[in-house]
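This report looks at how the parts of a two-chain model meet. The sequence and the structure come before the details.

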Amino acid sequence: MTEMGHVRPDQLQLLRALPSWKGRVAAAHTVAREVRADDEYRLDAARCARVGLSALLLLLLNGRIAGVTGIFAGVLDPAGTDRAWRATFIAGLIAAPLSAMLIGYAVPVPQMPANLITIAFAGVLVGFGTRLSNGCTSGHGICGIARLSPRSIVATGVFMIAAIAVVAVTRHVVGG
Amino acid sequence: MRALASLACGFIFGWGLLISGMVMPTKVLGFLDIFAIANGGWDPSLAVVMAAALAVSGLGYALLRPSAPLLDAQLHLPTQTAIDRPLFVGSVLFGVGWGLVGLCPGPAIENLATLSTPVIVFVVAMAVGMIAHDLWQARSAAPTPGALASAGAADG
């Protein structure tokens, strides 16, 4: 594991101490494939531009902001208007990895270095926070900045700094 | 027709997040971990995703300057412009949650396709947070029928 996963010995000690260690060992046979996928992975800016293309298309076609928070919250709200296009956007979002699996693309299973309670807590923070500030990475980070909205530029700066600070604490202060 | 266009946009969006690696929480955390620069562990690649996405949407928006969309009578752009306390507090809460697990709403919902338990827990918790916010807003604002609808029509 030290060799293949580039895990430092002290991190390995910590990992062994975690209750999830058994699961990691059980899933060890998949590590080689994942490392291979990581190594073969090449970032292609033209492909990444799809996110921007999608946001632009939604605005040009439907006149709507491709903000996942607003779209998802609109679907959740039983009294919400325009639930149809919101629901189809979500359906398209989920259909993307399903179609990728169909054509044999290795869709990565998300790994989260946190227990379920932390994950649930983080989920509530993300849900409440994005509604309070009216946007997330897509609504403020992409659509808002693209429109040069000062509100979105500030929001993106604030959530990036907060996230970087939390990662710094969990990885270098507590987990270091 | 609008629903179809939206389906296609969601689909392209999902592929973008998938190919760029934004659907991987570990990759997102690796990007947010800028203090790993010291030992060469920082993964800056998601900055490229953001830049590429902004180049397309920003340039497109600036060049095309849409006055009206193709499939609707008018644009539905955010009307709020105030840089106020809810914007700061909400962004901080979101950033903390994002930094804890590496998932933001788009990739979280997309990852439901993998049927991973932690992802389902995250999305359900996120929905709870959103509904809690909207109920709290509806209660603190004047209880007009349009309160929830207008709360959903802002930046995104």
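## Basis of the model

The model is predicted, so that local features need pLDDT of at least 70 and side-chain atom pairs count only at pLDDT 80 or more, while totals for chains, interfaces and linings use all residues. Residues are numbered from 1 along each chain as its sequence is written, and chains are lettered from A and ligands numbered from 1 in the order in which they are written.

## Two domains in chain B

Chain B is split into domain 1 (1–77) and domain 2 (79–156), with bounds that come from an automatic or database domain assignment. Taken over C-alpha atoms, the centres of these two domains of chain B are 18 Å apart.

Ten residues of domain 1 of chain B and nine residues of domain 2 of chain B take part in their contact, where two residues count as in contact if their C-beta atoms, placed from the backbone, lie within 7 Å. On the domain 1 side, α1 (2–20) and α2 (25–32) of chain B are the elements that give two or more residues, and the largest share, five residues, comes from α2(B). Helices here are DSSP runs (H or I, at least four residues), numbered from the N terminus.

That side of domain 1 of chain B has seven nonpolar, three polar and no charged residues. Ala, Val, Leu, Ile, Met, Phe, Trp, Tyr, Cys and Pro count as nonpolar, Asp, Glu, Lys and Arg as charged, and the others, Gly among them, as polar.
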